[in-house]
Protein chains: 2
Amino acid sequence: MAEIITKLRTARLPFGFRAAGISSGIKENGAKDLGIVISDFPTVSAATFTTNRIKAAPVRLSQRHLRRGDIRALIVNSGNANACNGKQGFNDAKLMTQFAASSLGLEARQIFVCSTGIIGYPLPIEKVRRATPKIVEKLRVSGWKDFSRSIMTSDKVNKVCSVKTLIGGKEITITGTAKGSGMIAPNMATMLAFFVTDAAISETDLRENTKLVVNETFNCISVDGDMSTNDTVVVLANGAAKNRRPKKGSKDLNHFTEALKNVMLDLAKQLVRDGEGASKFIRIEVEGASSDLDAKKVARAVAESSLVKCSWNGSDPNWGRVIDAVGYSGARVDENKVDIYFGPLAAAINGVVAPTPIGKLKAQVSKKEFTLRINLNIGKGVHRVFTSDLSEEYVAYNRLEYALKIQGR
Amino acid sequence: MAEIITKLRTARLPFGFRAAGISSGIKENGAKDLGIVISDFPTVSAATFTTNRIKAAPVRLSQRHLRRGDIRALIVNSGNANACNGKQGFNDAKLMTQFAASSLGLEARQIFVCSTGIIGYPLPIEKVRRATPKIVEKLRVSGWKDFSRSIMTSDKVNKVCSVKTLIGGKEITITGTAKGSGMIAPNMATMLAFFVTDAAISETDLRENTKLVVNETFNCISVDGDMSTNDTVVVLANGAAKNRRPKKGSKDLNHFTEALKNVMLDLAKQLVRDGEGASKFIRIEVEGASSDLDAKKVARAVAESSLVKCSWNGSDPNWGRVIDAVGYSGARVDENKVDIYFGPLAAAINGVVAPTPIGKLKAQVSKKEFTLRINLNIGKGVHRVFTSDLSEEYVAYNRLEYALKIQGR
């Protein structure tokens with residue numbers, strides 16, 4: 001099946017979507033900070049949100065709009081998260097949807113709104129008001145790349161991905177972008193990800209599949225274990241490809257799911273690679289746990305251990321720190337059965353050091369990308385997580401951010 | 001009550017205890033790495049151990065010896081954790097108790113054994129065998145300070161504390177030492193702590209009180225959130241002060257508990273101050289939670305957030321990251337009620353920014369020691385945690401350790 005899913009070399013907007021990104025002045029350095037996506041046709045939509053109990057105003061408003069359905073456009077700003085701003089924050093989120101609606105000729109309830117950036121300082125809403133008509137004008141000449149740039153915060157590169165495939169003989173495109181490189185943890189993080197597709201699909205199927213695929217992709221990455229107040233993944237499908245809607249359980253629907261997974265996984269990995277201060281990309285594969293949940297606990301404990309992440313930064317095959325994290329993960333463990341591999345090479349077998357020469361293990365961990373495999377050998381539970389190392393650059397960046405951003409106050 | 005508990009300026013061994021620390025060659029740099037403590041009289045004992053499911057061999061052996069009671073001596077090595085060494089590890093731990101027993105004229109089951117250092121490499125047991133008779137000879141001239149030095153790993157300073165107080169009119173002394181500065185998390189960490197007292201007390205009371213006090217002291221600190229395979233706290237009481245054993249519920253017993261807490265809290269704080277790369281000491285006080293457990297979840301999430309800890313390192317009063325961690329802690333939270341204070345100054349009130357000028361908040365966070373107070377304002381649950389910041393030095397140190405230590409292999 002996968003062979004007829006084709007990754008495109010450059011991001012391409014699916015039929016019936018337009019996008020733009022500009023600078024509104026929220027970011028003081030003049031970088032792009034306001035983006036819009038609009039579908040020329042009605043859409044069905046799906047979204048997943050942060051599970052943080054502190055939710056930003058745009059998250060709460062968008063959840064409300066999503067429940068009513070009939071979403072036609074997104075408006076997104078970066079540079080300010082509009083989180084923890086009380087009633088004013090909620091009002092500002094509403095205003096953003098109203099500005100977009102009036103410039104686009106839609107209802108405010110048809111607009112999905114997201115914000116990302118600093119927490120706890122009021123959004124400069126006047127800047128958004130002034131910029132919205134301008135960005136709508138840009139929809140003719142701007143595009144997905146500009147939109148993807150407008151949502152960046154500490155990201156060093158903008159992240160896009162497009163795949164095309166056939167559903168019922170018709171070519172459909174799924175295009176996505178994601179941002180975020182700090183506050184990245186499983187179950188949504190300072191992460192925004194937007195997907196548009198011209199596939200025709202029922203809203204129920206889109207929502208079920210989005211939930212499923214987000215769980216296997218964005219919820220399996222961890223940079224620093226912090227989960228943000230603003231995380232959102234949105235998918236809009238407008239049916240402009242005119243394929244026949246795939247039926248529940250059909251090969252075509254599986255096909256769509258596979259294509260969506262392709263794009264989401266690609267972007268999830270891009271997020272980890274661009275993690276704040278990250279110099280390495282590590283795939284953690286846990287197997288043989290007594291349940292999938294136990295495997296997840298192990299993968300997450302290892303991915304979030306500062307000591308383990310520091311050792312990777314130093315290209316140090318420190319399996320002792322790994323097994324230590326396995327032990328406190330909360331999962332059932334028999335220490336005499338734990339195997340640990342860096343790439344294909346055993347570091348520990350049955351819980352004790354393997355005979356592999358340390359130089360060979362070090363060569364594995366020195367790679368820009370490697371796999372850490374942990375087999376608990378007591379059951380069939382599996383889980384996989386993508387993560388990065390912890391570097392001095394991460395600390396250097398994060399010890400400064402806030403003070404710099406509000407120095408004008 | 002507290003006023004008659006006196007902290008001594010230098011560590012003093014209680015009556016009937018001797019201690020020593022020497023270099024056995026486990027550490028290649030010639031630093032002290034083997035320590036012994038012996039009581040000249042029978043003792044009652046108490047201990048708490050790591051809750052990590054991967055337990056080092058000496059932890060498992062000492063648990064067995066503790067159950068039988070009648071502990072007379074401790075033997076401790078640093079430089080090698082004797083963890084994840086399989087049957088050989090358990091055998092080596094047994095050998096350590098046998099070496100100590102034969103040199104001291106005791107039974108192996110009367111010896112409590114601890115190890116700390118690198119995980120997963122066999123203990124150089126021959127070095128311990130050769131050194132044990134030598135260290136026993138040193139018991140006449142060595143002392144608590146040498147012992148405290150012999151248990152250090154990444155610690156920059158050795159940590160000791162002594163208090164004296166009166167129980168039933170007799171002066172008793174409690175003296176302790178602790179080591180550990182990485183892998184420090186609540187519920188025991190790469191942390192060893194040893195306490196000796198000449199107080200007379202029943203074993204039941206000593207065990208109950210130790211558990212209680214460890215929970216309020218050592219289990220309330222966090223440096224990096226990693227919990228080790230070797231954590232152990234031991235208390236030996238030999239009754240040499242000849243006080244009348246305090247009765248259950250008596251003022252005298254409360255008194256002993258208070259004195260023990262005094263020493264344990266002092267050493268717990270010393271551990272945090274000497275945390276790997278730590279430049280700050282932060283007291284996190286959570287109040288108004290719907291339960292003590294919820295307060296603990298909040299305190300721990302904040303204390304373990306890399307982003308929060310980086311901001312402290314930069315003297316950055318970033319309450320947005322704090323409230324974000326509060327939100328994902330798992331505790332019940334009403335974001336419109338959360339108050340956050342740095343020292344006495346409000347950073348956020350009712351979940352939104354407080355009018356305190358940022359410069360004043362920054363001055364609080366710039367201090368070497370400050371309190372972060374979080375009031376959830378929805379209940380009566382409280383918890384307190386001591387923690388440190390996350391620095392580039394922490395990463396620089398931990399990216400190298402293992403490779404350096406086993407470079408000879």
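Is B:Asn82 buried or exposed? I began with this residue and found that B:Asn82 counts as buried, because 31 C-beta neighbours lie inside 10 Å. For this label, a residue is buried if 20 or more other C-beta atoms lie within 10 Å of its own, exposed if 12 or fewer, and partly exposed in between, with C-beta atoms placed from the backbone.

I note the conventions here. Residues are numbered from 1 along each chain as its sequence is written, and chains are lettered from A and ligands numbered from 1 in the order in which they are written. This is a predicted model, in which local features need pLDDT of at least 70 and side-chain atom pairs count only at pLDDT 80 or more, while totals for chains, interfaces and linings use all residues.

**Entry: backbone angles**

I located B:Asn82 in the loop between β5 and α2 (86–104) of chain B. Helices (H or I, at least four residues) and strands (E, at least two) are DSSP runs, numbered from the N terminus. B:Asn82 is not a glycine, yet its phi is positive, at about 45°.

I then turned to A:Lys242, a residue other than glycine whose phi is also positive, near 60°. A:Lys242 sits in the loop between β11 (232–237) and α6 of chain A. A:Lys242 counts as exposed because it has 12 C-beta neighbours inside 10 Å.

**Entry: B:Ile71**

I found B:Ile71 in the loop that runs between α1 (57–68) and β5 (73–80) of chain B. B:Ile71 is buried, since 23 other C-beta atoms lie within 10 Å. Leaving aside residues up to four places away in sequence, I recorded that B:Ile71 touches B:Thr43, B:Ser45, B:His65, B:Leu66, B:Gln110, B:Phe112 and B:Leu236. Here two residues are in contact if their C-beta atoms, placed from the backbone, lie within 7 Å. I also looked up B:Asp33, 38 residues from B:Ile71 along the chain; the two C-alpha atoms are separated by 22 Å.

**Entry: helix α9 of chain B**

How many of the 10 residues of helix α9 (residues 319–328) of chain B are buried? I counted 10 of the 10 as buried, so the helix is largely enclosed by the rest of the structure. Among them are B:Trp319, B:Arg321, B:Asp324 and B:Tyr328. The buried residues of α9(B) pack against β6 (111–118) of chain A, and in chain B against α7 (292–303), α8 (306–313), β13 (339–342), β14 (345–349) and β16 (369–375). After α9(B) comes B:Gly330, with a positive phi near 95°.

**Entry: helix pairs of chain A**

I looked up α1 (residues 57–68) and α2 of chain A, whose axes come within 8 Å and cross at roughly 55°. Axes are lines fitted to C-alpha atoms, for helices over the stretch in contact, and angles run from 0 to 180 degrees between N-to-C directions. That angle makes α1(A) oblique to α2(A). Angles under 35 degrees count as roughly parallel, over 145 as roughly antiparallel, 65 to 115 as roughly perpendicular and the rest as oblique. From α1(A), the contact uses A:Ala57, A:Pro58, A:Arg60 and A:Leu61, and from α2(A) it uses A:Gly89, A:Phe90, A:Asp92, A:Ala93, A:Lys94 and A:Thr97. By class, the contact of α1(A) with α2(A) has five nonpolar, two polar and three charged residues. Ala, Val, Leu, Ile, Met, Phe, Trp, Tyr, Cys and Pro count as nonpolar, Asp, Glu, Lys and Arg as charged, and the others, Gly among them, as polar.

Next I examined α2 (residues 86–104) and α3 (residues 125–138) of chain A, whose axes come within 9 Å and cross at roughly 25°. The two helices are therefore roughly parallel to each other. Residues of α2(A) in this contact include A:Asp92, A:Phe99 and A:Leu104, and those of α3(A) include A:Ile125, A:Arg129 and A:Val136. I recorded nine nonpolar, two polar and two charged residues for the contact of α2(A) with α3(A).

**Entry: domains of chain A**

I noted that chain A is divided into domain 1 (2–272) and domain 2 (281–390), with bounds from an automatic or database domain assignment. Their C-alpha centres lie 34 Å apart. Nine residues from domain 1 of chain A and nine residues from domain 2 of chain A take part in the contact. On the side of domain 1 that touches domain 2, β10 (221–222) and α6 (251–273) of chain A each give two or more residues. The largest share of that side, three residues, comes from α6(A).
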